Amino acid sequence: MMEVTDPKVLSCMDDYHVRLIAPALMTDGEIMKFQSSLREVMLFIQRVERRAVDVINAITGTGLKYEESEVTVNVCKAILDMRLESEQIGEERGERIGELKQARESAVRFAYKKAGTPRGSLLFSWMIPVILS
């Protein structure tokens, strides 16, 4: 945590308490204790009817997934699942790019070796794109 000791800075700062709320970890009873419209927002975030998720997907294109047997959908879990799936796709894409780079480097080494020309030779370098195409 940052320590501020300058009196001029301290005079401009209020000491606010920040409370984080995790609707996915709260029971309905705990959420019902809210006396404002935050209660409805929390219930919405926690659990949404399947039809509402279909509408959200259609409008936003988010692709929230759920089981067909579910009457309500845990939106927090659906978003977490979507993030995990995106990370997995990114990792797979990175692995493929790495494999392609390795294959390209192997092809270049093979082409130089096959031609008996030292790597970096200007005479041979024009042929590499043709061989790799």
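**Salt bridges in a predicted model**

Q: What is the relative accessible area of Glu 85?
A: Glu 85 falls in the partly exposed class, which lies between buried (under 20% relative accessible area) and exposed (over 50%), with a 1.4 Å probe and protein chains only. The relative accessible area of Glu 85 is 33%.

Q: How many salt bridges does a search of the whole structure find?
A: This is a predicted model, in which local features need pLDDT of at least 70 and side-chain atom pairs count only at pLDDT 80 or more, while totals for chains, interfaces and linings use all residues. Residues are numbered from 1 along each chain as its sequence is written, and side-chain values use heavy atoms, with hydrogens and water left out. Taking a salt bridge as a side-chain nitrogen of Lys or Arg within 4 Å of a carboxyl oxygen of Asp or Glu, the number found in the whole structure is three.

Q: Which residue meets Glu 85 in a salt bridge?
A: The N to O distance of this pair is 2.8 Å, and the partner is Lys 65. Because this partner lies in the loop between helix H4 (50-60) and strand S2 (72-73), whereas Glu 85 lies in helix H5 (residues 75-115), the pair ties together parts that are 20 residues apart in sequence; helices (H or I, at least four residues) and strands (E, at least two) are DSSP runs, numbered from the N terminus.

Q: In which helix do Asp 81 and Lys 77 both lie?
A: The side chains of Asp 81 and Lys 77 form a salt bridge, 2.8 Å from N to O. Four residues, about one turn of the helix, separate the two, and both lie in helix H5.
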